[in-house]
Amino acid sequence: MSIMSNRTRSVLTGAMLMASIIFIPLLTSIAMQPEPPRPDSREESSSADPWRKALPPYRFSFPADHSSHPDYKIEWWYYTGNVTSGDGRRFGYQLTFFRVGVDFAPQNPSRWTVRDLYSTHLAVSDIDGGKFDNAEKINRSGVGWAGASTENFRVWNEDWEAKLERNGNHILTAIDGEIGIELELEPGKPPIAHGDRGVSQKGSTPGNASHYYSLTRMPTAGHLIVKGERIKVSGLSWMDHEFGSSFLEKGQIGWDWMSLQLDDGTDLMIYRFRRQDGALDPHSNGTIINSDGRYFTIAFDRFEMEPISTWRSKRTGAEYPVEWRVKVPDKGIELTIKAAISDQEMETAESTGVTYWEGSVEIEGIHRGRQVRGRGYLEMTGYAGAAMGVLSE
Amino acid sequence: MIRLFRQFILRHLGKEKIRTFVTVLGIALGIAVVVAIQMTNSSSLRGFEKAIETVSGKTSLEITGSGTGLDEMRLNELNWLRQYGRISPIIEGDAEIETGDALSETLRVLGVDILRDRSFREYKILEFAEQRREPRPDEFLTLLLDPRSIILTERFAERHSLKVGDQVLMTFSDRREQYRIRGLLKNEGPARAMDGNFALMDIAAAQQAFNRIGRIDRVELLLRDRGGLDEAEKAIGAKLPDGLSVQRPARRGSQVEKMLEAFHFNLTALSYIALLVGLFLIYNTISISVITRREENGTLRALGVTGKQILALFLTEASVLAVIGCTAGLLLGRLLAFGAVKLTSTTVNALYIATAAEPPPLELKHAIIAFGIGLPLSLIAAAIPALEASGVSPTSAMRGNDRIETRFRLRPHFLVLPALLGLLAWWFSRLSPVNGLPAFGYAAAVSIVFGAAFMAPAVLFVLGRIGDKPLFRFFKIEGRLANANLSGAIPRISISVAALAVSLSMMVAIAVMIGSFRQTVIYWVEQTLKADLYMRPATRNNVADDIVFSPEAERVVAANPMVAAVDRFRNFDISYGSGLVTLGTGEFDKQLRHGKLIFKAPADGQQAMRSAIGQNAVIVSESFSIRHAKSVGDTIMLDTPKGETGFRINAVYYDYSNDRGIVVMDRGTYVRYFGEPQATSLSVYLKPGADADRVRDDLNKQFGSRFNILIYTNTSIRQEVLRIFDSTFSITYALEVIAIFVAILGVASTLLTLILERSREINILRLIGADRRQVRKMVVIEAGLMGGVSQGIGLVIGLLLSLVLIYVINVQSFGWTIQFHLPVGFLIQSSILILLATALSGLYPARRASKLHISRQQEEE
């Protein structure tokens with residue numbers, strides 16, 4: 001299967017920016033540190049950036065492009081999903097693998113040389129139990145403790161992994177003590193490529209972009225481990241895979257992003273940037289994917305996102321809008337999005353050190369005049385002090 | 001009573017300043033030596049153990065490999081460890097950092113994956129990114145990413161005025177390179193190790209720097225459930241694959257402790273000799289106090305002071321002297337410890353571990369040692385003369401007839417007791433060591449010493465009988481008088497003579513032992529060191545450490561046109577029994593062709609060594625053979641990465657380079673079980689006609705400033721061996737000198753006692769025409785006689801002791817064969833010196849004697 005993205009749409013996705021923010025600490029600290037003196041190669045090292053840039057055209061090819069693209073500095077695989085047990089208990093999960101290139105061609109023959117850093121976030125929301133738990137890992141490849149294969153897609157961090165089966169299904173395994181997931185995801189709708197000619201442009205500079213595609217509705221079955229209990233579940237998942245070398249934007253203090261799966265088969269991704277000056281950001285954006293797989297971009301001035309109520313985190317003091325009203329008048333969409341649990345705040349002190357809110361949401365509203373319900377995921381960044389500080393650096 | 005004490009004792013002590021001083025000095029020196037040795041012993045261990053403790057942080061358990069660390073790919077066999085908690089792979093070693101012109105210090109370097117390791121140890125970065133905040137994990141990592149990055153400690157940086165961003169020159173194993181300081185650690189967590197001589201690196205950089213690519217030193221484990229340490233250790237131990245083992249971090253310290261045990265035990269035993277001699281001095285001093293105040297004593301008794309009160313007075317006096325002496329000894333001990341640490345550190349560093357060069361601060365336990373030993377012993381020493389004084393009746397005390405037992409009668413027990421002690425010594429010397437320590441060996445030595453001490457009166461008696469004529473011939477009437485005086489005071493002087501004889505016999509014994517040992521080592525070095533050049537990386541070797549050559553350096557050596565053969569030797573310490581032994585490997589055929597080991601067994605050691613090639617067979621050093629009671633034909637079990645394996649001992653060879661024992665296998669055998677060896681030292685054989693000095697200079701030039709490699713020529717390695725040898729025993733000599741000094745003080749104060757006791761006779765001598773010069777001469781002769789007799793006894797007993805030292809104590813604690821060798825020159829020299837020194841020590845008593853007032857004596861007569 002292959003997709004040639006030929007639509008002239010500048011899709012700067014929220015997922016991309018979400019990850020950018022998480023990785024700003026990494027990117028800035030790695031990119032901004034003075035190049036260490038290396039007497040033998042001082043001239044070369046200062047001249048060229050060895051990482052490949054995301055430049056058009058790019059032709060996606062599957063299943064090859066599910067695998068890792070180590071020539072690019074940044075890459076991630078992002079899975080979220082909402083599932084239900086046989087007795088009707090509702091759960092949400094998130095599993096994200098990040099790869100950040102650190103040293104394109106290390107001189108040190110040691111296996112521990114940090115060519116790439118792998119960090120992984122896992123979260124499980126027990127909606128009816130009102131409980132949210134998360135875990136994280138960060139590793140260098142070392143002796144193979146973490147990695148991403150370049151063929152036959154598999155990305156792993158210790159014993160957490162995501163991989164592609166021969167039948168095209170994605171297998172997710174991640175268990176950390178009391179919580180975990182063991183899920184099999186069918187591809188569902190075909191992958192959609194964002195942006196123009198396989199490139200999702202992030203700024204005016206060429207190469208300030210990424211290659212980015214999504215699987216927006218993946219039928220999911222398997223088990224969740226919640227409080228040590230192994231529960232058989234089924235539901236829907238969402239996968240994003242993105243790779244590029246540089247895509248930072250200044251002036252933004254954070255964003256609010258959501259992926260919504262409606263019960264009429266429509267999927268909606270939508271986000272807005274929050275700017276320091278409070279103005280509407282033209283990069284805010286959305287995508288609607290019809291039940292037949294066709295998809296359309298929604299420009300920043302064609303939708304509204306309005307916070308309705310907030311929740312304050314006792315741990316970090318950050319105040320997050322946990323209830324939203326979303327309107328896309330052109331498409332006849334008017335939805336109320338509500339966090340399934342208020343506290344789905346992620347603190348990732350051990351890996352990236354950034355705090356953000358990422359969690360399962362429940363949807364109610366109207367699509368083309370019909371009552372719809374749905375489930376989805378909401379992400380909010382830049383509310384906790386640490387992330388703001390990092391962002392403004 | 002207090003007033004009495006003040007008038008009777010304190011005033012007296014104040015008046016007799018010199019004697020008070022001598023006594024206090026004697027106690028102080030005795031205590032100081034004991035304290036100093038305690039401190040020195042603990043400093044070499046303390047540094048090491050403390051470093052382990054501070055560096056290991058919260059680590060619950062560590063997984064180590066048999067052999068040189070563990071192959072890092074084996075980590076993948078250990079993924080199941082995650083169910084117990086977190087794991088962190090570690091590289092640890094010592095590196096040299098240049099701190100100024102020709103100055104360098106050793107840093108303990110920890111190479112970690114900081115992403116994992118922060119939960120094991122507390123690293124607090126000082127002013128990260130110019131802010132007072134801690135870096136995030138990824139930020140911390142970026143500090144270390146470049147292979148030439150290093151994080152030092154605030155303390156070290158302050159000592160050497162270094163700051164973040166500065167470049168420092170460092171030597172890891174054999175390579176010298178610039179590193180950039182990327183951060184400083186606050187004085188917390190591991191940064192406290194080795195007084196701040198700690199450095200943090202990334203594991204990848206550390207692997208490269210230490211030439212340990214592909215392997216790690218250990219895996220540390222931080223248990224999720226800290227309470228279940230015992231069960232976890234057991235469960236993990238049972239589950240670990242072959243060649244890996246689990247232990248607690250402290251175990252490394254206890255292994256080193258065990259290794260240093262014999263060395264420390266021997267030092268401690270020596271230090272007690274100085275104390276013993278000090279005790280004789282206390283006895284003397286209190287005797288003097290008693291005797292010189294016999295009239296006052298009598299007066300007091302006549303005035304109604306009871307004998308018990310008199311006893312109390314003298315014991316209080318002894319306590320005062322002891323408290324002052326112990327306090328002074330404690331402080332002096334701390335000072336001496338600086339010297340002692342310096343004297344022993346070369347040995348400890350050369351043979352065992354790199355240690356901190358500073359003694360520990362004074363602690364309560366040192367005070368307890370000092371007072372716990374000094375006070376009771378002083379009181380016992382004082383009790384004997386004090387009891388005498390309290391038992392004297394008032395009248396006889398006032399008349400001055402209180403001298404007890406002035407005449408000596410040769411009773412059987414003076415011969416029987418020494419004979420019994422001699423037998424006891426012989427029996428002790430045949431017993432096996434206790435826990436590998438020569439406890440009975442020392443018991444034998446002590447028996448001999450006491451035997452000699454008890455024999456002193458008999459010897460003095462006999463010598464007094466036969467000494468009259470020769471002394472008269474040499475020294476005229478003064479000689480005869482001196483002899484008569486001493487013969488008349490045998491009970492009094494025999495203690496001083498015994499004390500001096502004991503110290504001298506120890507000196508003689510140690511001199512004979514060291515002389516024999518040195519001779520043996522010289523012979524061994526000449527026989528076995530056959531290579532033209534010896535090379536090793538310049539960083540100091542540590543037991544827990546593993547310093548190997550980098551391949552580039554080896555290529556430089558191999559490429560030299562004058563080099564005929566290079567014998568690559570690899571050695572490191574492995575666990576054997578409860579301690580460590582050295583496992584070495586080289587190429588047996590090269591060694592057989594070029595080198596020349598001296599074999600203890602079997603008769604044809606060369607052939608036995610040759611037949612070990614290709615077999616599961618080894619050759620072992622004599623010290624291994626003796627310590628572990630294994631010999632030719634026995635099989636020893638060694639932990640290898642392939643699991644526990646038996647190796648047959650084909651031959652036992654002589655070696656004096658380390659006392660924990662060496663097991664050597666042929667390279668082929670080694671490769672089968674441990675993998676390809678990296679070299680820790682190179683023996684280079686040159687082509688005929690090559691000039692070793694020139695080749696060394698050439699190699700040094702080629703190595704330039706990039707490498708830091710020590711190259712010894714055959715001549716210089718021999719010098720180096722002897723230098724280490726001599727420095728090993730410098731502490732022994734230092735202790736001996738102190739003991740002898742204390743003993744001579746004893747002679748002087750004994751003479752003083754005698755003079756005071758005999759003041760009446762001396763006055764009569766003066767009255768009948770003896771002039772001051774004659775009296776002086778007489779006293780000096782007496783001093784010389786005492787010294788001479790002591791030295792005579794010392795020589796005889798010393799030779800006996802040396803046999804115990806060489807054939808019992810040495811073998812039991814170090815496992816070395818030493819050929820007996822008499823250092824005649826040294827013995828003659830020291831005998832003359834002792835004679836002169838004791839005679840000189842008689843000068844002060846002689847002056848006192850010649851100045852005695854005639855008038856008062858006349859009245860009495």
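A residue is called buried if 20 or more other C-beta atoms lie within 10 Å of its own, exposed if 12 or fewer, and partly exposed in between, with C-beta atoms placed from the backbone. By that criterion Phe414(B), with 18 C-beta neighbours inside 10 Å, counts as partly exposed. This is a predicted model, in which local features need pLDDT of at least 70, side-chain atom pairs count only at pLDDT 80 or more, and totals for chains, interfaces and linings use all residues. Residues are numbered from 1 along each chain as its sequence is written, while chains are lettered from A and ligands numbered from 1 in the order in which they are written.

**Confidence**

- The predictor assigns the complex an ipTM of 0.81 and a pTM of 0.77.
- For chain B the average pLDDT (the predictor's confidence in each residue, from 0 to 100) is 82, and 89% of the residues score at least 70.
- Where pLDDT is low, the predicted coordinates should not be read in detail.

**Helix α15 of chain B**

- Helices (H or I, at least four residues) and strands (E, at least two) are DSSP runs, numbered from the N terminus.
- Helix α15(B) has 39 residues, which should span 57 Å at 1.5 Å a residue; its end C-alpha atoms are 54 Å apart, in agreement with that value. The expected span is 1.5 Å times one less than the number of residues.
- Of the 39 residues of α15(B), 28 are buried, so the helix is largely enclosed by the rest of the structure.
- The axes of α15 (residues 490-528) and α22 (residues 714-757), both of chain B, come within 9 Å and cross at roughly 170 degrees. That crossing makes α15(B) roughly antiparallel to α22(B).
- In the contact of α15(B) with α22(B) there are 18 nonpolar, six polar and four charged residues.
- Axes are lines fitted to C-alpha atoms, for helices over the stretch in contact, and angles run from 0 to 180 degrees between N-to-C directions. Angles under 35 degrees count as roughly parallel, over 145 as roughly antiparallel, 65 to 115 as roughly perpendicular and the rest as oblique.
- For the residue classes, Ala, Val, Leu, Ile, Met, Phe, Trp, Tyr, Cys and Pro count as nonpolar, Asp, Glu, Lys and Arg as charged, and the others, Gly among them, as polar.
- Tyr523(B) belongs to helix α15 of chain B and is partly exposed, with 14 other C-beta atoms within 10 Å. Its C-alpha atom is 9.9 Å from that of Gln819(B), 296 residues apart along the chain.

**Strand pairing**

- Two strands pair if DSSP finds at least two bridges between them.
- In chain A, strand β17 (residues 267-275) has seven of its nine residues buried, so it is largely enclosed by the rest of the structure.
- β17(A) pairs with strand β18 (residues 285-289) of chain A in the antiparallel sense over five bridges; Met269(A) has Thr287(A) in β18(A) as its bridge partner.
- The bridge partner of Tyr576(B) in β14(B) is Gly579(B).
- A hairpin is formed by β13(B) and β14(B), with two residues between them; in the turn, Gly577(B) has a positive phi of about 60 degrees.

**Backbone geometry**

- Pro56(A) and Pro57(A) are joined by a cis peptide bond with omega of about -5 degrees; Pro57(A) is in the loop between α2 (42-47) and β2 (60-61) of chain A.
- From Ala601(B) to Pro602(B) the peptide bond is cis, with omega near -10 degrees; Pro602(B) lies in the loop between β15 (599-601) and α18 (605-610) of chain B.
- Arg368(A) is not a glycine, yet has a positive phi of about 50 degrees. Arg368(A) is located in the loop between β24 (355-367) and β25 (370-380) of chain A and is exposed, with 10 other C-beta atoms within 10 Å.
- Lys476(B), in helix α14 (residues 439-487) of chain B, has a positive phi near 55 degrees. With 12 C-beta neighbours inside 10 Å, Lys476(B) counts as exposed.

**Separations within chain B**

- Phe414(B) is part of helix α13 (residues 413-428); the C-alpha atoms of Phe414(B) and Ile613(B), 199 residues apart along the chain, are separated by 62 Å.
- Gln247(B), in strand β11 (residues 244-247), counts as partly exposed with 17 C-beta neighbours inside 10 Å. The C-alpha atoms of Gln247(B) and Thr64(B), 183 residues apart along the chain, are separated by 7.8 Å.
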